[in-house]
Amino acid sequence: MAKQYAVIGLGRFGSSVAARLYESGQEVLGVDVNMERVEDSNEFVTHAVIADSTDPESLKAIGIRNFDTVIVAIGNDIQASILSVLLLKELGVKKVIAKALNKLHGQVLEKVGADWVIFPERDMGIRVAHQLLSPNVLNF
Ligand code: ATP
């Protein structure tokens, strides 16, 4: 059965998470404050809305607590990212995944309740190294 995901922040990271989930047949709501980003996401999300995730009333209006998993893909605005995670957990979202820009940002995200913190550059670097070290991979 399809799960319901919301992706907040439709930059490169958020868009690629949303698109992959959508391609796999999941229900994906895209959320961004930026109207252009919301319009551009129409091909790879089920629905998209313009909303500010630091505003509790907007989150309630979206019905955010009905989503199985919410991905906070806001990076550069650290304050918005932290506040969004805090509000999502307070509103009762079970699983909140958040992208961190650096170690300290990641620690704060964990403190405010993020269930899984992702460090895209670090995690991708580790993955590339694993691939290179894997005996099944052709030599580069
Ligand atoms: P990426 O590195 O994934 O390409 P980016 O460089 O566009 O992202 P970020 O600051 O990480 O920049 O923002 C990702 C998206 O989050 C942007 O499209 C931005 O409009 C959106 N965003 C920022 N703050 C909020 C907010 N409070 N509510 C909803 N969306 C937001």
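Trainee: How far is the side chain of lysine 99 from the ligand's oxygen atom?
Mentor: An N or O atom in the lysine 99 side chain is 3.2 Å from an oxygen atom of the ligand. A polar contact here is a pair of N or O atoms within 3.5 Å. This is a predicted model: local features need pLDDT of at least 70, side-chain atom pairs need 80 or more, and totals for chains, interfaces and linings use all residues. Side-chain values use heavy atoms, without hydrogens or water, and residues are numbered from 1 along each chain as its sequence is written.

Trainee: Which backbones touch ligand oxygen?
Mentor: A backbone N or O atom of glycine 75 lies 2.8 Å from a ligand oxygen. For phenylalanine 13, the backbone distance is 2.9 Å.

Trainee: What classes make up the shell?
Mentor: Eight nonpolar, seven polar and five charged residues. Gly counts as polar; charged means Asp, Glu, Lys and Arg.

Trainee: Switching topic. How many salt bridges are there in the whole structure?
Mentor: Four (a Lys or Arg side-chain nitrogen within 4 Å of an Asp or Glu carboxyl oxygen). One of them joins arginine 20 and glutamate 23, with the closest N and O atoms 3.2 Å apart.

Trainee: Where do arginine 20 and glutamate 23 lie?
Mentor: Both are in helix α1, residues 12-23, three residues apart, about one turn.

How values were computed
A polar contact is a pair of N or O atoms within 3.5 Å; within protein, one must be able to donate a hydrogen and the other to accept it, and residues adjacent in sequence count only if both atoms are side-chain atoms. Helices (H or I, at least four residues) and strands (E, at least two) are DSSP runs, numbered from the N terminus.
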